[in-house]
Amino acid sequence: MVFERKVLSMDTLIFHSKMKALLWVIAAFDECMVQERSWWLCPSKCRFSKPLTLGWRYPPHGWLKYNISGMATEEAMGCGSMLRDEDELVRALFLGPCDAIDADSAELGAIIIALDVIIEIGWSGIGSIIGENGSLVAYNWLLNKDRRPWSQQATFADLERRLACVHEVTFSKAKPNGIEMANTLAAAGMKRLGMFKAWW
């Protein structure tokens with residue numbers, strides 16, 4: 001950071017530290033599951049438990065899975081997502097505020113950002129991706145074009161353009177507790193000033 005003359009705020013530094021530690025814990029202790037919502041408030045008091053059968057489902061061999069979440073309150077809206085492979089290793093994530101009218105629209109915006117990240121990291125055209133989201137309304141919008149509201153036709157046009165750039169994307173509705181980490185990222189994203197994206 002010194003050589004590149006970059007400045008990092010304390011909030012961003014704490015966020016990066018907590019995120020890297022969380023990813024390490026998830027990778028190192030596969031027999032345990034972290035209560036991810038508690039992690040962001042107080043990692044030292046975060047409980048570990050055995051994995052739940054209703055939790056995250058592995059994608060088929062050779063596929064990646066994007067867990068996508070959009071959240072809205074009266075004060076703010078945010079979105080978050082995490083791309084993981086069949087070994088549950090995190091390949092990319094993003095979180096931040098979003099411009100939407102409600103939680104379903106925020107989730108739609110998160111799907112578009114997820115597709116942008118797939119294109120940016122060069123995964124498009126290489127393999128298949130599952131987009132798993134928590135909103136039943138947004139899921140139905142993806143499956144049935146007739147149910148899409150006219151007020152958001154420009155957003156859906158953006159979505160279709162990005163889908164045309166990606167090799168194969170299949171959407172599914174998440175099970176309970178299946179996108180807990182994406183929900184945690186979306187909640188944290190509501191408090192950020194800008195969008196944070198990372199992949200490796």
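Modeller: Trp141 counts as buried, because its relative accessibility is 9%. Buried means under 20% relative accessible area, exposed over 50%, and partly exposed in between (1.4 Å probe, protein chains only). The model is predicted, so local features need pLDDT of at least 70 and side-chain atom pairs pLDDT 80 or more, while totals for chains, interfaces and linings use all residues. Residues are numbered from 1 along each chain as its sequence is written, and side-chain values use heavy atoms, without hydrogens or water.

The whole structure holds two aromatic pairs. One of them joins Trp141 and Phe156: ring centres 5.8 Å apart, planes at 90°, so edge-to-face. Rings of Phe, Tyr and Trp (its six-membered ring) pair with centres within 6.5 Å; planes under 30 degrees apart are stacked, over 60 edge-to-face, the rest tilted. Trp141 sits in helix H4 (residues 136-143) and Phe156 in helix H5 (residues 153-165), 15 residues apart. Helices (H or I, at least four residues) and strands (E, at least two) are DSSP runs, numbered from the N terminus. Phe156 is also buried, at 2% relative accessibility.

Now the sheet. Six strands form an open, mixed sheet in the order S7-S6-S3-S4-S5-S8. Pairing needs at least two DSSP bridges. Ser69 stands opposite Gly80 in S4.
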